[in-house]
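Subject: Structure handover

Hello,

Please find the structure below.

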Amino acid sequence: MLFEYFASPDDESAAGTIDGRPLGTTVRSHVVDPASVLGQLERLLGARRDDDGLLSAQMIAESEDGARLVIRLSAHILSLYGRVQPDTVTLLVDQWSMSRRFRRGAAGEDLYGFAAALHALCREGGGGVYCRATADASELAAPPAPAPESMVQAHTEDGVLKPLPRRV
């Protein structure tokens with residue numbers, strides 16, 4: 001996935017970018033998704049621990065083929081992150097970069113550069129900050145692999161299938 005963060009005056013204007021048109025000034029990442037990874041940042045900034053990133057983003061548009069989404073970042077994360085002093089961003093990223101997501105797949109990502117540019121967007125955004133998420137062609141070309149039966153169902157001792165319990 002490619003995540004492109006950009007400022008827009010309102011949801012309608014941001015949703016209009018679903019067609020793939022150029023965005024102007026963007027902050028790009030292949031790792032920092034607007035829900036879970038920015039949710040981690042939001043928690044570091046003092047948000048509730050039980051949030052799981054669900055407050056940090058809301059989808060406002062989806063392309064017909066599902067290849068593109070436009071997501072609005074919450075006013076909460078914009079406010080929290082926008083209030084961070086620029087010289088504190090590096091210290092914050094030092095903590096943020098310790099998450100599993102960055103340790104196992106952020107090769108080639110400049111998290112410090114991303115964080116500084118996103119910080120500037122949050123401070124100067126005027127309206128709102130949005131993310132356009134675009135699936136890579138390879139993600140769209142391959143049909144989704146079915147989950148192994150062991151992940152979908154569990155067997156009882158007598159061999160009868162039963163659903164796995166839900167996590168709480």
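Strand β4 is joined to strand β5 (residues 128-134) by 5 bridges, and the two run antiparallel. Across this pair, Arg68 stands opposite Thr134 in β5. Helices (H or I, at least four residues) and strands (E, at least two) are DSSP runs, numbered from the N terminus.

This is a predicted model, where local features need pLDDT of at least 70 and side-chain atom pairs count only at pLDDT 80 or more, while totals for chains, interfaces and linings use all residues. Residues are numbered from 1 along each chain as its sequence is written, and side-chain values use heavy atoms, with hydrogens and water left out.

The open sheet has 5 strands in the order β2-β1-β5-β4-β3, with antiparallel pairing (two strands pair if DSSP finds at least two bridges between them). β2 (27-29) and β3 (57-62) are the edge strands, each pairing on one side only.

Val70 lies in β4 (residues 68-73). Val70 counts as buried because its relative accessibility is 0% (buried means under 20% relative accessible area, with a 1.4 Å probe and protein chains only). Its C-alpha is 5.8 Å from that of Ile60, 10 residues away in sequence.

In the helix pair, Leu38, Leu41 and Glu42 of α2 meet His76, Ile77, Leu80 and Tyr81 of α3 (contact means heavy atoms within 4.5 Å).

Regards

How values were computed. Buried < 20%, exposed > 50% of the residue type's maximum accessible area, 1.4 Å probe, protein only.
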